[in-house]
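Here's a quick tour for anyone opening this one up for the time being. Have a look at the structure, then read on.

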Amino acid sequence: MADEHAQATAVRTAAHAIADRLAAEKDHLTDLDSAIGDADHGANMDRGFTAVCDRLADLESDDPAELVKTVGVALISEVGGASGPLYGGSIMKASQELEGGVTAETTVAFAETYLETLQARGKANLGDKTMVDAVTPAVHTYKKSVETDELSPLEALAKAVDAANRGLEFTTPLRAKKGRASYLGWRSVGHQDPGATSTLYILEELLAVAQDELGEMGDIERDATADVDPSDVQVREESETEAKDAVDTAATEDTDTEVQD
Amino acid sequence: MVGIVVVSHSEEVARGIKVIAEEMSGADTVHAVGGTADGRIGTTPDTIVDALEAALSDNDAVVVTVDLGSAVMNAELAIEMAGVESAAVIADAPVLEGTVNAAVTATAPDATQESVLAAATDARDLSKL
């Protein structure tokens, strides 16, 4: 089925984009985690998504649900910190929602199951200074944008990324109530949460890949914080006609780096 | 018979707890698991699944004791992955004292999963001074 092949290709492309982004942000994530955690989040996520790419390369399948499940299983086995069961367990469970293919409806179901599983496993509430603070507004915004505002999945995802970014910023002034940071009490205030940060990076890469795969972005404002993975920029630079795109993307990345630092 | 699985971020800590608990109980009932597959500090569900299966090969039920954050989550996930939700239970207890209490109680002839779990949980109230 051609449609399924395209969806499978998009899943594989997204996994590589996320792996490249997390490799590039490894030190930044570790810096954030060394301030309030155990300084392993960058290395753990990088190791996890490297394993994801290896396992996807070994898997001959065009079933998007099976591919996404493989992403979750790889993260569960390879990450080693709390992010393994949180990211991996939630992705593995939510992958069941994609068994009928990737549509607006199944991606909303995926997002909702991801959030439910994350909260059940981590037992964190909104405002505890965890990845839940980025995931919750993103999932709620995506669901509302698709179901109530009847936006396209691409427009809805762009809004969800904005929502995750606002949720991430909201973690900085909070006192941590869950995870290793909670042992620091008031000293955790003033630091951005690493798990919420990696959540935003992953969503940004999903958006960038969705934009490339789904095409036609004329009617959507590009989010200033959303960027594209470096390998994608190189691919674009090889094309004369898309050279301007690459410059725009690089400029966006520079701005992003300044904001993040 | 009730088995015990102790899960720590460090394999050495898990093994050390097993040694202390078995010295107190005089019985070989504790399965120790810790660290990541490549020997780093952390936990991974895969090795916990192996320990659960080993413990359940000679016991009807298992009580799992855990140290910090991800050990709890990975133990929960491992129980689901192994499909042993009805046979394994996690104790909300300090990992060393809970494991010692559980190991001692598990040697009683009438020990049940409930009695071993209760003994582990009682370790929360142990006063040291």
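Which residues form a nonpolar patch on the surface? They are Ile20(B), Met24(B), Leu96(B) and Val104(B), and together they have about 320 Å² of accessible area. Keep in mind that this is a predicted model. Below are some notes on that patch, on chain B as a whole, and on a lysine in chain A.

**The patch on chain B**
- Two elements of chain B, α1 (11–25) and α4 (95–106), each give two or more residues to the nonpolar patch.
- Leu96(B) sits in helix α4 of chain B.
- With a relative accessible area of 31%, Leu96(B) counts as partly exposed, because that value falls between the 20% and 50% cut-offs.

**Chain B overall**
- Chain B has five helices and four strands, and along the sequence they run β-α-β-α-β-α-β-α-α.
- Chain B has 129 residues, and 50% of them count as buried.
- Take the contacts in chain B between residues at least 6 apart in sequence: 74% of these join residues at least 24 apart.
- The accessible surface of chain B is about 5900 Å², with 55% of it belonging to carbon and sulfur atoms.

**Lys129 in chain A**
- You'll find Lys129(A) in the loop between α6 (104–122) and α7 (132–147) of chain A.
- Lys129(A) is buried but has no salt bridge; Asp193(A), the nearest side chain of opposite charge, is 6.6 Å away.
- The side chain of Lys129(A) does reach backbone oxygens: that of His191(A) at 2.6 Å, and that of Leu174(A) at 2.9 Å from a polar side-chain atom.
- Lys129(A) also touches other residues, including Ile36(A), Thr171(A), Ser188(A) and Gly190(A).

How values were computed: Residues are numbered from 1 along each chain as its sequence is written. Chains are lettered from A and ligands numbered from 1 in the order in which they are written. This is a predicted model: local features need pLDDT of at least 70, side-chain atom pairs count only at pLDDT 80 or more; totals for chains, interfaces and linings use all residues. Side-chain values use heavy atoms; hydrogens and water are left out. Buried means under 20% relative accessible area, exposed over 50%, partly exposed in between (1.4 Å probe, protein chains only). Lys and Arg count as positive and Asp and Glu as negative; His and the chain ends are not counted. A salt bridge is a side-chain nitrogen of Lys or Arg within 4 Å of a carboxyl oxygen of Asp or Glu. A polar contact is a pair of N or O atoms within 3.5 Å; within protein, one must be able to donate a hydrogen and the other to accept it, and residues adjacent in sequence count only if both atoms are side-chain atoms. Contact means heavy atoms within 4.5 Å. Patches are made of residues with over 30% relative accessible area and no salt bridge: like charges are joined within 9 Å, nonpolar side chains (Val, Leu, Ile, Met, Phe, Trp, Tyr) within 5 Å. Accessible areas come from the Shrake-Rupley method with a 1.4 Å probe; for residues, only the protein chains shown count as cover. Lists of a residue's contacts leave out its neighbours within four places in sequence.
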